[in-house]
Amino acid sequence: IFEYAAGFWFQKVAEHMFGTVLCTPGCFSVFRAKALRDVVGEYSDHVKTPADFLKMDMGEDRWLSTLLISKGWRLEYAATSKCKTRCPDDFEEFFKQRRRWIPSTLANLFDFLSHSGDIWKNNE
């Protein structure tokens, strides 16, 4: 539970201060309909390669966040918002979750960095 709290109290706040949150987890997210319309076509693409599987299926919330940022949307953190989610109950469940999340995080960060010039222009 502490890891979840630290991730939101420190990481999301720091990302927000730098200009945009890099991943908005589904259970904690609210989006503008126009923003979702901008990315729904690409977001709903089918997986064609192993890299696509890591990027699109293993971390769909991170993939959605990457697409929104690449289209010029700013993702914000609202410290006063309230939400509940279920955290893993034991180490095995936590490990399985992280085994999915870490490759997805790396795949999306690689995609993000490889298109950073375009993303920078769209977010000026």
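Analyst: A lining residue of a pocket has an atom within 4 Å of one of the pocket's grid points. The model discussed here is predicted.

User: Which residues lie nearest the centre of the largest pocket, and how many line it?

Analyst: The lining has 30 residues, and F28, E76, Y77, A78 and S81 lie nearest the centre. Helix α1 (residues 2–18) gives the most, with five residues. By class, the lining has 20 nonpolar, four polar and six charged residues. The pocket's volume is about 960 Å³.

User: What makes D111 and K55 a salt bridge?

Analyst: The cut-off is 4 Å between a Lys or Arg side-chain nitrogen and a carboxyl oxygen of Asp or Glu. D111 and K55 have N to O at 3.5 Å, so the pair qualifies. The bridge links distant parts of the chain: D111 sits in helix α5 (residues 91–114) and K55 in helix α3 (residues 50–57), 56 residues apart.

User: How do you know which class E76 and its partner R74 fall into?

Analyst: Exposed means over 50%. E76 has 53% relative accessibility, so E76 is exposed.

User: What about E92 and K96?

Analyst: Their side chains meet in a salt bridge at 3.4 Å, N to O. Both lie in helix α5, four residues apart, about one turn of the helix.

How values were computed: Residues are numbered from 1 along each chain as its sequence is written. This is a predicted model: local features need pLDDT of at least 70, side-chain atom pairs count only at pLDDT 80 or more; totals for chains, interfaces and linings use all residues. Side-chain values use heavy atoms; hydrogens and water are left out. On a 1 Å grid over the protein atoms alone, a cavity is a set of points where a 1.4 Å probe fits but cannot get out, and a pocket is an open set with protein on both sides within 12 Å along at least five of seven lines; lining residues have an atom within 4 Å of a point. Grid points are joined across faces, edges and corners, and a volume is the space filled by probe spheres set on the points. Helices (H or I, at least four residues) and strands (E, at least two) are DSSP runs, numbered from the N terminus. Ala, Val, Leu, Ile, Met, Phe, Trp, Tyr, Cys and Pro count as nonpolar, Asp, Glu, Lys and Arg as charged, and the others, Gly among them, as polar. Buried means under 20% relative accessible area, exposed over 50%, partly exposed in between (1.4 Å probe, protein chains only).
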